[in-house]
Amino acid sequence: MKTSARAAAAALFFLLSSAPLAADAPRIKGEIDAKQFHDLIAREKGKVVLVNFWATWCVPCREEFPDLVRLEADWRSKGVVVIGVSTDLGKDLTAVEKFLATNDPAFANYHKKSGGDDQDFIDSVDPKWGGELPFSVLYARDGHKAAILSGKQSRADFEREIGKLLKAPAAGR
Amino acid sequence: MKVLSVFAAALVLAVLAAGPAVAETPAPSIGSAAPAFALTTIDGKPFSLADAEKANSLVVVMFISTQCPYSNAYNDRMRDMAAAYAKKGVQFVGVNSNKTETVQDAVDHARKHGHTFTIVKDPDNRVADQYGASHTPEVYVIDKAGKLRYHGRIDENSDDASKVTSPDLKNALDALLGGQSVAKAETKAFGCSIKRV
């Protein structure tokens with residue numbers, strides 16, 4: 001009894017002492033270029049993937065983001081994956097981390113690699129994308145791009161598109 | 001026959017449902033007629049694109065914002081280019097289509113940043129819709145015949161004007177003023193969505 005109480009206390013101490021470390025850990029999962037972005041999407045084949053491109057300086061992005069956090073929590077178990085990609089400049093990574101700490105998304109967020117010509121990245125995501133933010137792309141379970149959503153969307157807008165893709169039969173079945 | 005038309009309708013519906021949904025009208029293509037518009041400047045004067053085309057060699061229509069950091073990153077570049085190219089017969093026109101920004105906001109912003117080029121307010125974002133403009137800053141260059149010759153960004157480096165390697169708007173204007181075609185007539189960059197009605 002004494003031993004288990006000591007173990008519980010030790011576990012509690014470990015959890016409490018490691019909490020600040022977790023909070024301080026970088027929330028950005030890494031930097032990605034166009035190729036790495038497409039590799040990322042390919043790895044999620046079999047799931048409906050919603051990618052949201054955002055930036056801390058973009059007011060509608062900031063307004064839209066909390067809806068994505070809640071949406072992901074509700075749809076995760078139904079086979080939906082949300083991925084965030086910050087397009088902030090490299091010098092603004094502190095603001096990016098602060099924004100993520102405030103919103104606390106459970107989904108992965110990446111940072112678009114700085115440098116180079118943004119046009120190459122924009123075109124590789126979708127030739128119809130003019131560069132406006134926020135911008136979201138939905139991929140069906142077979143990995144094909146199914147919809148692009150320009151500008152700020154409501155949660156209902158996202159859920160309508162996701163619902164369509166979840167209803168569609170998965171390719172190869 | 002009936003079955004065929006039902007099938008065709010279903011096919012069209014299926015294609016539409018599967019295709020990506022873009023919010024705005026696509027921009028007019030390079031070489032096509034730039035949509036005509038007439039609006040009021042932020043200092044209360046009438047402005048007509050047709051009149052500007054007649055009076056100048058080229059017209060640069062720039063969708064701008066008072067609040068967007070990306071648009072604001074170009075404030076000095078817009079001011080300097082408008083002044084430099086005015087001497088060469090190029091008129092710069094700023095179009096503010098954001099519903100969240102008032103005429104007074106635009107007046108204050110222009111005064112603060114020394115923007116003496118024409119700025120018009122686009123109520124109900126009709127001109128932004130006609131041009132398929134999605135964000136700020138986004139520019140369109142129109143020639144004397146009213147044809148669209150360039151669409152896209154000012155340059156590729158919003159962060160640092162001194163490190164620009166692809167001055168796309170300048171290249172387009174210089175080429176057109178020199179009687180040449182624009183090598184890179186369509187470019188892209190990140191920007192703020194136009195806040196539509």
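This is a predicted model: local features need pLDDT of at least 70, side-chain atom pairs count only at pLDDT 80 or more; totals for chains, interfaces and linings use all residues.
Chain A holds 6 helices and 7 strands. Along its sequence these elements follow the order α-β-α-β-α-β-α-β-α-β-β-β-α. Of the 173 residues in chain A, 36% are buried. Among the contacts in chain A with a separation of 6 or more, 73% are between residues 24 or more positions apart. In chain B, the secondary structure consists of 7 helices and 9 strands. Chain B has 197 residues, and buried residues make up 41% of them. Where contacts in chain B link residues at least 6 apart in sequence, 76% of them join residues at least 24 apart.

Helix α3 of chain A covers residues 59-75. An α-helix has 3.6 residues a turn, so residues three or four places apart point the same way.

The axes of the two helices come within 10 Å and cross at roughly 35°. The crossing of α3(A) with α6(A) is right-handed. On the side of α3(A), the contact is made by A:Asp67, A:Leu71 and A:Trp75, and on the side of α6(A) by A:Arg155, A:Phe158, A:Glu159 and A:Ile162. By class, the residues of this contact between α3(A) and α6(A) comprise 4 nonpolar and 3 charged, with no polar ones.

The two chains touch each other, with 20 residues of chain B in contact with 24 residues of chain A. On the chain B side, strand β9 (residues 191-193) of chain B supplies the largest share, 3 residues. The side of chain B that touches chain A is made up of 9 nonpolar, 6 polar and 5 charged residues.

In chain A the cis bond joins A:Leu133 and A:Pro134, with omega about -5°. A:Pro134 belongs to the loop between β5 and β6 (135-139) of chain A. In chain B the cis bond runs from B:Thr136 to B:Pro137, and omega is near -5°. B:Pro137 sits in the loop between β6 (135-136) and β7 (138-143) of chain B.

Positive phi angles occur at two aspartates. A:Asp104 is not a glycine, yet its phi is positive, about 50°. This residue is placed in the loop between α4 and β4 (108-112) of chain A. A:Asp104 counts as exposed because it has 10 C-beta neighbours inside 10 Å, and a residue with 12 or fewer is classed in this way. B:Asp124, likewise not a glycine, has a positive phi of about 65°. Its place is in the loop between β5 (118-121) and α6 (126-131) of chain B. For B:Asp124 the number of C-beta neighbours inside 10 Å is 11, so this residue too counts as exposed.

A:Thr102 lies in helix α4 of chain A. This threonine is exposed because 10 other C-beta atoms lie within 10 Å. Between A:Thr102 and A:Pro26 there are 76 residues of separation in sequence and 13 Å in space, taken C-alpha to C-alpha. A:Gly115 is found in the loop between β4 and α5 (118-125) of chain A. With 7 C-beta neighbours inside 10 Å, A:Gly115 is therefore exposed. A:Gly115 and A:Glu64 are 51 residues apart in sequence, and their C-alpha atoms are 26 Å apart in space.

Note on methods
Residues are numbered from 1 along each chain as its sequence is written. Chains are lettered from A and ligands numbered from 1 in the order in which they are written. Axes are lines fitted to C-alpha atoms, for helices over the stretch in contact, and angles run from 0 to 180 degrees between N-to-C directions. Helices (H or I, at least four residues) and strands (E, at least two) are DSSP runs, numbered from the N terminus. A crossing is left-handed if the near helix is turned anticlockwise from the far one by less than a right angle, and right-handed if clockwise. Two residues are in contact if their C-beta atoms, placed from the backbone, lie within 7 Å. Ala, Val, Leu, Ile, Met, Phe, Trp, Tyr, Cys and Pro count as nonpolar, Asp, Glu, Lys and Arg as charged, and the others, Gly among them, as polar. A residue is buried if 20 or more other C-beta atoms lie within 10 Å of its own, exposed if 12 or fewer, and partly exposed in between; C-beta atoms are placed from the backbone.
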